[in-house]
Amino acid sequence: TVEDVLEKFAESSPWTGAKNYSNLRRQWEGRKHNHNTNRQNSKNLIIAHTRNAWSERRDLYVHEVNYEKVASPCELRDSINTYLTNWKKSEQLSNFTERFSEALTVSQNKASLHSLSYVSSITAKVDVSHSTVDNFSEQFRLITLKGHDSNSSALHDANFAVRNQEPPKPLTAPEILSRFVGRRNPSGGASIVPSFPLTLDDVVTSEEFREMAKDLVSKLETSWQLAHETKESVSKLLIDGLKVEKNRTVLKLLLEEELRFSREKKEKVVAIIQRAEAGPSILESTGLWNNTSVSTILSKFSAVTAQLYGEFGLTIRRVQRATRCLRLLDQGDQVYARLARELENTGSCGWDPFVYPEWLLLELDNDFCIREHQAEVAKEFLSDEMINQLLQQNMGEGKTDVIVPMIMAHFGAVAQRANRTTNDNSGVHLSDRMSELCCITVLNSLYPSNSITWQWRIGGLLGQRVYPMLFRRDLAFGKSEAAQMLSELEYITQNGHVVVTVPEQRLSQENKVVELASSTAIHADTETSEALLKVLRFLKNRCRNFLDESDMILSPLYQLVYTLGDPVDMDGGVLRWSVAAAALKSVSDMAPELQARFQDHHLVEVHLHKKPRFSAVRLLDGDGADEVWDFIRKRVLEDVLEKGTATKHLEIRPKLLPEERERFQRMVLDSDVDTREIQFCESTMTKNLKRCAEILRGLLTHDALRFALGKRWRVDFGSHPSRLSYLMAVPYRYKDVAADRTEFKHPDVMLLHTLQHYYHKGLLSSQLSQVFQKLGNMVEAQAKALFNEWANQSVQTTSGIPMSAPSSDFRPVLDYTSVNCADAAQFKQQLEPQFQFHMETIDFFLFRKVFPVQAKQFPNEISANSWDLCPTPRGDARNADEARFPTKGFSGTDGTQPILPATVTQRNLPSGEITNGLQMRSLLHANNDEV
């Protein structure tokens with residue numbers, strides 16, 4: 001409440017391209033620090049006055065909240081006084097209830113209401129109305145333990161009575177099939193396995209990767225065979241049988257009988273508990289709690305009634321299962337697959353509810369049954385084997401909804417049990433030495449939905465909470481904040497709660513420690529760095545990390561980079577982006593020929609436009625892709641050497657003798673260049689020509705241009721919609737969704753994608769206006785010559801250029817003296833359609849207004865990548881790249897095995913080897929051939 005009314009620091013940071021940026025940045029940091037200090041002091045004083053007012057049981061006065069940075073003192077006073085009033089009323093009600101209970105206890109032969117808990121010793125304090133169990137609850141009388149010592153034997157007798165009953169087994173799938181009309185038994189023979197649809201030559205053509213591809217194809221073929229050799233399943237027989245109406249009637253009767261028996265069993269368990277008690281409960285006598293539910297009983301059983309709790313929980317699970325099956329049966333054949341899975345799973349398959357009671361409680365609170373494969377994966381993740389491991393899980397197998405909550409529940413149970421266990425000699429809690437922090441790392445795009453789902457799953461009877469671990473470079477972070485973060489993590493660990501975070505925030509912590517300790521950082525702070533290092537050491541020694549969608553999280557394509565120092569011009573400067581523009585213009589010129597030669601072979605995607613608009617070319621993968629690229633790179637170099645049209649305005653056209661030109665070509669295009677060639681070129685070339693060769697080599701031999709031409713505009717790259725001051729291209733996550741706070745690190749890729757973006761999109765009206773303003777500031781003769789050149793290029797193809805078709809009376813502007821920037825009609829109707837997509841005009845805008853300011857490099861960088869997310873497990877974590885516990889993860893695919901960090905291993909369970917085969921089988925299904 002106090003935080004909401006305190007003024008926030010609204011001044012934006014100085015522009016990185018400004019003069020004296022370091023001084024401006026330090027001054028801005030100082031003002032920000034002073035503001036935050038005053039703000040925190042005001043907050044502390046207000047909180048102190050609030051505590052004082054509560055201790056004196058009075059209201060807060062306005063002068064006690066009227067401090068600097070407080071926007072509305074009167075509103076804040078009223079809000080806090082509302083809290084104080086509610087607290088006083090609650091205190092009065094609590095005192096009344098306590099006195100009333102004491103009096104009633106004396107009047108009922110000194111009966112005492114014992115605290116109730118369940119067998120795993122996890123106390124679950126939760127709002128009963130949020131529990132799914134209540135959907136199947138009935139009204140029960142609360143249990144009162146009168147004379148605990150005298151009734152202990154009675155309770156043990158009740159436990160013995162429940163244990164020695166012979167309850168019928170849960171309704172199973174084979175039993176259901178035996179009642180079906182026209183039933184079939186599962187076939188014993190295997191189905192015919194079709195031939196594997198891939199060969200090694202289909203996957204790879206290069207000998208360099210052939211051995212690796214051979215191993216991958218072999219594993220894929222094994223999975224394909226497993227997917228087709230599977231015997232006819234009980235699930236398939238159930239689905240076929242349910243298509244007969246008489247069988248559906250039989251199943252409904254069986255499920256109703258199962259439900260009736262389960263409810264009767266539940267009532268018997270409660271009756272046994274009541275017979276073990278000698279008298280009514282205190283609250284029942286008062287009439288205050290006359291509406292109790294199943295969740296109330298489950299969360300408040302005493303340890304003496306452990307066996308009764310187990311029977312009660314298992315009975316409730318049978319009630320839920322029968323109810324779910326009846327509900328699915330009424331929904332029709334669209335959900336028969338789900339119904340068959342429910343019937344096959346009778347509960348506790350592959351795990352013991354008395355060993356993992358928290359999983360039983362998770363089932364009851366969320367109305368599902370854990371499947372055998374899910375329990376197998378969860379146990380694998382909870383094993384103590386010191387190896388970083390990734391598992392493949394097929395989509396729809398419950399990775400997020402079931403397995404991750406099972407892991408969370410286990411850590412919560414271990415921590416809360418340890419909190420109740422003390423060392424007899426030292427009195428130290430075992431949780432101080434044994435509790436581990438459960439940390440789940442998810443993709444940034446999945447964080448909101450996953451964290452909400454998990455809080456709902458474990459926030460009920462399990463009583464756990466999901467905490468974020470927020471960390472960014474621009475957050476104000478000092479020594480006190482680091483100490484507070486460490487204290488918060490210790491609290492989460494000891495109480496069995498869970499941390500959910502994203503890769504960027506974990507990597508940002510790694511980089512921030514180094515940045516604060518660096519002497520080149522603008523705001524270096526060694527004390528804060530040491531405090532934050534303690535947080536990292538705590539995470540290395542006490543944290544168990546689990547990765548959801550590990551194939552994306554551990555992708556080598558992404559890394560987190562902190563830049564240090566003042567920005568400097570990009571190496572190569574104007575020449576670098578001029579050569580990049582020349583290469584793209586050359587590709588645009590050859591677009592018709594590429595379309596004619598390669599588009600029918602699905603090797604290129606071409607969108608032709610008349611000059612001077614850019615003709616887009618996108619390279620596709622497939623047999624012959626190397627041939628296309630070899631054709632493009634030789635033609636680009638030829639254009640620079642022979643024509644020089646794209647770079648003539650920079651006067652860097654190489655004028656070389658035939659022998660020199662041949663050596664120049666070898667230096668640019670050959671992957672292995674002889675040392676003598678390099679020495680010759682260095683001795684004979686000018687500085688500009690040598691730099692041009694180096695830039696071309698990066699574009700054509702090291703495939704920077706090929707990489708850029710393989711990406712799709714507005715899908716893989718484009719402008720950022722909200723960062724309006726940043727005009728360079730940024731990576732995209734998917735269609736029209738830019739990646740937040742992310743930029744291209746490779747300078748050539750950044751320049752190429754920026755050029756491509758503006759060639760595709762054209763200039764905005766405001767940007768084109770800046771072009772003509774810049775022309776107006778130039779020497780008139782120079783501006784006139786440049787404009788007339790643009791106009792001559794656009795005269796013959798104007799109709800193909802504008803965003804919308806020009807009107808019939810459209811007249812292009814052919815002479816610079818006719819341009820009137822103050823004439824809005826001329827600008828909108830003539831200049832904008834004529835020059836919006838003009839490549840030379842776009843280059844002028846980028847070369848004069850964008851690249852000199854934003855195409856910058858920094859002298860130092862701090863980088864963290866996927867290797868930092870899965871450090872080597874050592875058991876002691878002495879080094880920065882080590883951790884005490886292993887990292888586990890899973891995803892729906894395992895195709896990234898060859899490029900995973902060396903510290904992690906893809907090791908699927910035997911039951912998961914069929915996953916890729918099932919996916920291939922689904923993709924190659926006959927229905928997918930229909931258009």
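1. Which residues are buried in α35? In this helix, Thr915, Asn916, Gly917, Gln919 and Met920 are buried. The model is a predicted one, and the points below describe that model. The buried residues of α35 pack against α7 (210-229) and β1 (389-392).

2. As to overall composition, the protein chain has 931 residues, of which buried residues make up 46%. Its secondary structure comes to 35 helices and 18 strands. Among contacts in the protein chain with a separation of 6 or more, 76% are between residues 24 or more positions apart.

3. The pairing partners of β5 include strand β2 (residues 437-441), which runs parallel to β5 and is joined to it over five bridges. Within this pairing, Cys439 stands opposite Asn545 of β5. Strand β17 (residues 888-891) also pairs with β5 in the parallel sense, over three bridges. There, Gly889 of β17 is the bridge partner of Leu547.

4. The structure holds 21 aromatic pairs. One of them joins Phe411 and Phe546 in an edge-to-face arrangement, with 5.9 Å from centre to centre and 65° between the planes. The pair links distant parts of the chain, since Phe411 lies in helix α16 (residues 399-419) and Phe546 in strand β5, 135 residues apart. With a relative accessible area of 7%, Phe411 is buried; Phe546, at 4% relative accessibility, also counts as buried.

5. Elsewhere, aromatic residues are grouped. Phe772, Phe787, Trp790, Tyr816, Phe827, Phe835 and Phe844 form one aromatic cluster. Rings also meet charged groups: the charged end of Arg597 sits over the ring of Phe631, 4.7 Å from its centre. In a second case, the ring of Tyr726 has the charged end of Arg723 over it, 4.5 Å from the ring centre.

6. The salt bridges number 47. One of them connects the side chains of Arg576 and Asp748, with 2.9 Å from N to O. This pair links distant parts of the chain: Arg576 is in helix α23 (residues 574-589) and Asp748 in helix α30 (residues 747-761), 172 residues apart. Arg576 has 12% relative accessibility and therefore counts as buried. Asp748 likewise counts as buried, because its relative accessibility is 6%.

7. A further salt bridge brings together the side chains of Glu380 and Arg907, at 3.7 Å from N to O. The two residues come from distant parts of the chain: Glu380 belongs to helix α15 (residues 372-382), whereas Arg907 is in the loop between β18 (905-906) and α35 (915-923), and 527 residues separate them. Glu380 is buried, with a relative accessible area of 18%. Arg907 has 29% relative accessibility, so this residue counts as partly exposed.

8. Is Lys243 buried or exposed? At 59% relative accessibility, Lys243 counts as exposed. Its side chain meets that of Asp240 in a salt bridge of 3.8 Å, N to O. Asp240 has 21% relative accessibility and counts as partly exposed; the cut-off for buried is under 20%.

9. Salt bridges may also join into a network. One such network links Arg324, Arg327, Glu342 and Asp367.

10. Helix α26 is the last element considered. This helix spans residues 658-669, has twelve residues and reaches 16 Å from its first C-alpha to its last, close to the 16 Å expected at 1.5 Å a residue. Its buried residues include Phe664, Met667, Val668 and Leu669.

How values were computed:
Residues are numbered from 1 along each chain as its sequence is written. This is a predicted model: local features need pLDDT of at least 70, side-chain atom pairs count only at pLDDT 80 or more; totals for chains, interfaces and linings use all residues. Side-chain values use heavy atoms; hydrogens and water are left out. Two strands pair if DSSP finds at least two bridges between them. Helices (H or I, at least four residues) and strands (E, at least two) are DSSP runs, numbered from the N terminus. A salt bridge is a side-chain nitrogen of Lys or Arg within 4 Å of a carboxyl oxygen of Asp or Glu. Buried means under 20% relative accessible area, exposed over 50%, partly exposed in between (1.4 Å probe, protein chains only). Rings of Phe, Tyr and Trp (its six-membered ring) pair if their centres lie within 6.5 Å; planes under 30 degrees apart count as stacked, over 60 as edge-to-face and the rest as tilted. A charge sits over a ring if NZ of Lys or CZ of Arg is within 6 Å of the ring centre and within 35 degrees of the ring normal. The expected span of a helix is 1.5 Å times one less than its number of residues. Contact means heavy atoms within 4.5 Å.
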